[in-house]
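Reader: Can you walk me through this one? Keep it quick.
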Amino acid sequence: MGVVYIGDRAVGKTHLALELVNPQGQYVQVSMVGQTYKNLKANLLNSDGTAKQTQNIQYRPLNLQVRLPSGLKEVPVDWIDSPGEIFRRSWQWEHPEEWDSFQEIVRQSEGVLLILPPYREILWPNLEITNFVTQEQWCNGFESWARFFCDDCPKAKHIVICLNKADLINCNLSEESERLAYRPDGSSMNWLQRHNYVVNSYFRLVKSKIALINRSWPGLSVRCFITSIYDRSLLELPWIYLASYLAN
């Protein structure tokens, strides 16, 4: 199995996937059978540009082609578009077959990419924050994800955790993008250096939980990133990392 792409409710999974399909890529190109960028936008977005609400689990296969120094690499991706309630016990009890099917795919996957939202305390001042969780809620949610990874991802070799909507975080996004940028000549940070920088800058509150996930399965590697649909370099970075290790 390839990579499973999952995330919290209303975190921007749909928009991230759509922008990956955007043909204006640098190192990453994505295709879906029978779909174009324009068609996908029409099918997945409302007229106001918001993502259509998902009522049940939908499986959308993606094929990533990533240009690396060693050549063009392909990564099969299972984009699991799920209701926001899927990780609630009540939903799992009410939909046992769907939950079992989801778990089976995850348990067979070598890579998992998780999308998380930022929390209120790190957003730019004066932003409308009611749609974002508090720092405490975010940490509690991360603990649930940590248990999920430790219990349900036995074959995972690489778990990627992305803090999305980085354009809303109180930071200089262009400077961060330049600092973390992928450069084929090797003149930038390596993957571990990027991970350590992102963890210390944006995931410090859950650093111990990340270490716990890292120790949960033999040979597992956890890497953290920040992403934004408004910065192609940051958007592609986690996929370039996964292609470097899991490509066919």
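Predicted model: local features only at pLDDT ≥ 70, side-chain atom pairs only at ≥ 80, totals over all residues.

Reader: Start with helices. At what angle do α6 and α9 cross?
Author: Roughly 40°, with the axes of α6 (residues 173-180) and α9 (residues 232-246) coming within 9 Å. Therefore α6 is oblique to α9. Axes are lines fitted to C-alpha atoms, for helices over the stretch in contact, and angles run from 0 to 180 degrees between N-to-C directions. Under 35 degrees counts as roughly parallel, over 145 as roughly antiparallel, 65 to 115 as roughly perpendicular, and the rest as oblique. Helices are DSSP runs (H or I, at least four residues), strands too (E, at least two), numbered from the N terminus.

Reader: Which residues meet there?
Author: Leu173, Ser177 and Leu180 of α6 meet Ser233, Leu234 and Leu237 of α9. Contact means heavy atoms within 4.5 Å. The residues of this contact are four nonpolar, two polar and no charged. Nonpolar covers Ala, Val, Leu, Ile, Met, Phe, Trp, Tyr, Cys and Pro; charged covers Asp, Glu, Lys and Arg; the others, Gly among them, are polar.

Reader: And how do α6 and α7 cross?
Author: At roughly 155°, with axes within 11 Å; α7 is residues 191-202. That angle is why α6 is roughly antiparallel to α7. Glu176, Arg179 and Leu180 in α6 meet Arg194, Tyr197, Val198 and Tyr202 in α7. By class, that contact has four nonpolar, no polar and three charged residues.

Reader: New topic. Which residues touch the most others in the largest nonpolar core?
Author: Phe149, Ile161, Phe203, Ile213 and Trp239, out of 82 residues. Such a core is a set of buried Ala, Val, Leu, Ile, Met, Phe, Trp, Tyr and Cys residues joined through side-chain atoms within 4.5 Å. α9 gives the most to this core, nine residues.

Reader: Last one. Asn126: buried or exposed?
Author: Asparagine 126 is exposed, at 83% relative accessible area. Buried means under 20%, exposed over 50%, partly exposed in between (1.4 Å probe, protein chains only). Asparagine 126 sits in the loop between β5 (111-116) and α5. Its phi is near 75°, a positive value in a residue other than glycine.

Note on methods. Residues numbered from 1 in each chain as written. Heavy atoms only, no water.
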